[in-house]
Amino acid sequence: MKTHIDISKRKGERKEFSEASLVRIKELMSNVPEGKHKTAVIHVLHMAQSELGGWISVETMDYVAELLNITPIEVYEVATFYTMFHLDPTGKYVLEVCRTGPCMLVGSDKIIDYIEKKLAIKVGETTSDGLFTLKTVECLGACGYGPMLQCQYKNYEFLTTEKVDDLLNAMSNGILETYQS
Ligand code: FES
């Protein structure tokens with residue numbers, strides 16, 4: 001859960017979905033009764049994040065509200081609640097390190113510290129080359145495999161500083177598909 005989000009600062013340019021995505025959204029809406037289109041918000045926000053620039057501006061939230069025929073606040077409250085939605089421009093790789101109790105007990109704070117020092121950024125910041133953004137998030141459902149982080153919907157578990165080095169190298173060198181966690 002995020003706290004103290006000032007929606008007015010999340011300004012961006014309005015972008016629109018492709019025809020194929022608009023068809024997909026219509027399909028989604030046809031599967032739920034009139035007046036219940038809010039149930040599609042999470043799905044459509046994921047689509048927006050992936051298709052409209054990697055983050056969700058207030059203009060994008062308003063656009064999603066228009067498409068779903070719901071009020072903007074109904075989109076804001078979802079987008080600002082879940083850490084999986086990025087409300088600022090991000091780097092190519094968003095490193096989301098779990099900081100909840102079970103991961104913290106096995107060293108997530110050390111991993112966060114290590115990444116901050118290695119990339120010379122603080123949590124919430126992006127490296128100057130635009131490659132990495134570091135975030136901390138609440139439980140990602142892999143509590144027995146901590147410390148862990150998620151990036152591009154993939155989990156990297158039982159992290160050590162050596163594993164972090166290997167992972168960041170693989171990302172920097174564009175060979176992430178060969179990285180064995
Ligand atoms: S506490 Fe870290 S994944 Fe659950």
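Predicted model: local features only at pLDDT ≥ 70, side-chain atom pairs only at ≥ 80, totals over all residues.

A: Residues are numbered from 1 along each chain as its sequence is written.

Q: How many helices and strands does the protein chain have?

A: The protein chain has 7 helices and 4 strands; helices (H or I, at least four residues) and strands (E, at least two) are DSSP runs, numbered from the N terminus. From the N terminus on, the order is α-α-α-α-β-α-α-β-β-β-α.

Q: And how is the chain divided into domains?

A: Domain 1 spans 7-79 and domain 2 spans 93-178, with bounds from an automatic or database domain assignment. Their centres, taken over C-alpha atoms, are 28 Å apart.

Q: Turning to α2, which residues are buried there?

A: In α2 (residues 41-51), Val 44, Leu 45 and Ala 48 are buried, that is, 20 or more other C-beta atoms lie within 10 Å of their own; exposed means 12 or fewer, and partly exposed is in between, with C-beta atoms placed from the backbone. Seen down the axis, the buried residues of α2 fall within an arc of 105° (of the directions from the helix axis to the C-beta atoms), so they line one face of the helix.

Q: What is on the face turned away from that buried side?

A: That face of α2 carries the exposed residues His 43 and Ser 50.

Q: What follows α2?

A: Gly 53 follows, and its phi is positive, near 115°.
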